[in-house]
Structure formats: C-alpha cells, structure tokens
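Let's take a walk through a protein together, one piece at a time. Have a look at the model below, and then we will start from the inside.

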Amino acid sequence: MITKAIAVMTSGGDSPGMNAAARAVVRTAISEGVKVYGIYNGYKGMLDDDIRELTSRSVSDLIQRGGTFLGTARCMEFKTPEGRQQGFQNLQKHGIEGLVIIGGDGSLTGGALLSKETGIPIVGIPGTIDNDVWGMDYTIGCDTAANTIVDAINKLRDTASAHRRIMVVEVMGHHSGWLAVTTAIAGGAEYVIVPEVKSDLKQICDDIVESYEKGKRYSIIVVAEGAGSGIEIGKKVEEITQIDTRVSVLGHIQRGGSPSVEDRMKASMLGEKAALALISGASNIVFGFNEGRVVSVNLFDAVNNTKTLDPELVRLARVLA
C-alpha cells in the first residue's frame, strides 16, 4: 500500500478530458492523505526532473479545458533502458511510490516497460481520441473529437449541397478507423474509408455518378488518415467522376476544444479509480469503460494486443449510406 506519494502524467497526443482525469487523480490522492506530484511534459519531464507537488488548488479551473495542463512531449531517450532508469531515479528522488499514466497505446507501452524494469507500480488511464486501446470501447477524448468532426461534416454538407460537390473529409486515425466510421454514421456521410477494411474507390465513384444522375446534389466521403491521403483520394475521385470535389483535412482541430459531458464524467470516474487502485497497492492495470461499465485490463495485455474495429459499425455504415 502506498502511504507517501504518487505521481500523475499525461503523454502522447493530447485529448479532451485529460485535465479532468488528472484533476480527479490529484484530488482523490489528497483526500486519502497521499501526496501527489505532477510530471510535466510527459516522459521528457520525467527525465528532466520537471516534477512538482500538486495541491487541490493546482487543478482548479481545469475540468472544462481541453489539452493538458501537465503538457506532453516526445522523448526518444525514454525508449532506451538507460533513459527509463534515469526517469525512475528522478521519481525516487521525490519519494514517489507509484505512477498514474494518462495516454494512448504508446504511452502505456512506455509505462509497462518502466514497471517491468524497475518494479514501480503503474496504473494507466486511456487517453486518446482514436479510441484504439485494447480491452475497452471508450478512451478519454474520443467523444469530444467525434462531436467536433460531426460538427464539421454538418457545415461541409451545406456548402457541398449548394455547389453539387463531393466532399472528402480526412480525419485522424493512423491505425484505427473508429473515429471515421463513427462520425460517418453520425454525420450521415455516404461513404467511409478506413485502414481495417479494403475499399474499392472505383466502385464508390461509380455509385456516386449514378446517384448524381438520379438527382443527388452532393456526397460526403470520410477518410481515416491511415487509409490514405484525403487530398490524393479527392484528386482520384474528381478524376474518375468528373464531379467538382473538395477536400477538408481536419487535422489537429480534432484534438482541441472543451471536453464533452461524457468525456468529463468518464475521465473523472477513471481518475478516481486509478488513484484509489494505485494507493491500495494495485499495479500494471489500465482502467477503461466497456459496455458502460468501468473495467480493469492488464497493462501488458492492453499494450500487446491490437483492438479491432467493430464489424457492426462497418455494417451499419454500409446499410445507412
């Protein structure tokens, strides 16, 4: 059981709700009589000893803010055993007995290696808009990002209809099509292209031409970045269909913004669970949501398995196209 101090950090790509999760970790630890430190700028901050004690006031006026007040940064040094040992020594210097990591697959992998090599207890909270952590159907930030994308699709539909255009919308997701397929369904897009499913672009174009000949005014194609460049796909679509086509690459706007109610609530619940579990002596687990319930997943299972795209979502997107 931890009686002195824990630390919390955010790592990898920022996602809306990270602040809510960190806030919950801090205030839960303090309520249990345990000191809590913030590691600033991810694993780089751990190696640079950018570690500061946090109070309840340190995390006030944060729950409504996107991004992460702790910051995040790339750190190639931490990928080496020597780098991880240096980070561990800095944690020991502050009397830190356990660590809560809020981040995606790569961040949790770093935590798993740190725990395996040093024995320090690690509890993870999944924070990534891609919603691609194995063993759960929700990660912090995915709901806000999906709403941001759907809002963009709604606006693009207006101008697409006015000009009888095809709109190609590129969204994030290097290896996961969850954001693309979910927002395609919710945004009423006609087609979605994701890395997990092979798409026939020629067939898509033929279908679009046929629908235009029947009087359709516009079409929207959502593309996950891991399935190909939206710009290149847009060029091919226009070349094949001979219909005016525009491309919108949403980029990092998907990461920002005030977190949704769902992201605030779930992040807060996961933050409390993680802090209590770590303080009670738990280690090498990740807390997430699955089918509406909080679940704990083995940390090494979470980082060593690949989450697959729900085939029901793919089927529904095709049915409703």
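Predicted model: local features only at pLDDT ≥ 70, side-chain atom pairs only at ≥ 80, totals over all residues.

Leaving aside residues up to four places away in sequence, V8 touches a whole list of partners, including A22, V36, L54, L99 and I102. V8 also belongs to the largest nonpolar core, a set of 75 residues, and is among those with the most contacts inside it, along with I6 and I221. Helix α5, covering residues 142-163, gives the most to this core, with eight residues. Apart from it lies another core, of 28 residues, among them A5, A7, I101 and I122.

Now turn to a sheet. Strands of a sheet pair through backbone hydrogen bonds, either parallel or antiparallel. Here you can trace an open sheet of four strands in the order β7-β8-β6-β9, with parallel pairing. Its edge strands, β7 (191-193) and β9 (245-249), each pair on one side only. From one strand to the next, the twist averages 20°. Look between β6 (residues 166-171) and β8 (residues 219-224), and you will find six bridges joining them. On β8, V223 stands opposite E170. Helix α5 packs on this sheet, touching β6, β8 and β9, and its direction makes about 165° with that of β6. Helix α6 (residues 178-187) packs on the sheet as well, touching β6, β7 and β8, at about 160° to the direction of β8.

What about charged side chains? The count comes to 14 salt bridges. One of them joins D49 and K93, with 3.2 Å from N to O. D49 sits in the loop between α2 (42-47) and β3 (51-54), while K93 belongs to helix α3 (residues 81-93), so this pair ties together parts that are 44 residues apart in sequence. K93 is exposed, at 56% relative accessible area, and D49 is partly exposed, at 25%.

Another salt bridge links E117 and R84, whose closest N and O atoms are 2.7 Å apart. E117 lies in helix α4 (residues 105-118) and R84 in helix α3, so parts 33 residues apart in sequence are tied together. R84 is buried, because its relative accessible area of 5% falls under the 20% limit. E117, at 37%, is partly exposed.

Finally, R165, D244 and R246 are linked in a network of salt bridges. Within this trio, the closest N and O atoms of R246 and D244 are 2.6 Å apart.

Methods: Residues numbered from 1 in each chain as written. Heavy atoms only, no water. Core = buried A, V, L, I, M, F, W, Y, C linked by side-chain atoms within 4.5 Å. Buried < 20%, exposed > 50% of the residue type's maximum accessible area, 1.4 Å probe, protein only. Helix = DSSP H or I, 4+ residues; strand = E, 2+ residues; numbered from the N terminus. Contact = heavy atoms within 4.5 Å. Pairing = 2+ DSSP bridges. Axes fitted to C-alpha atoms, helices over the stretch in contact; angles between N-to-C directions. Salt bridge = Lys/Arg side-chain N within 4 Å of Asp/Glu carboxyl O.
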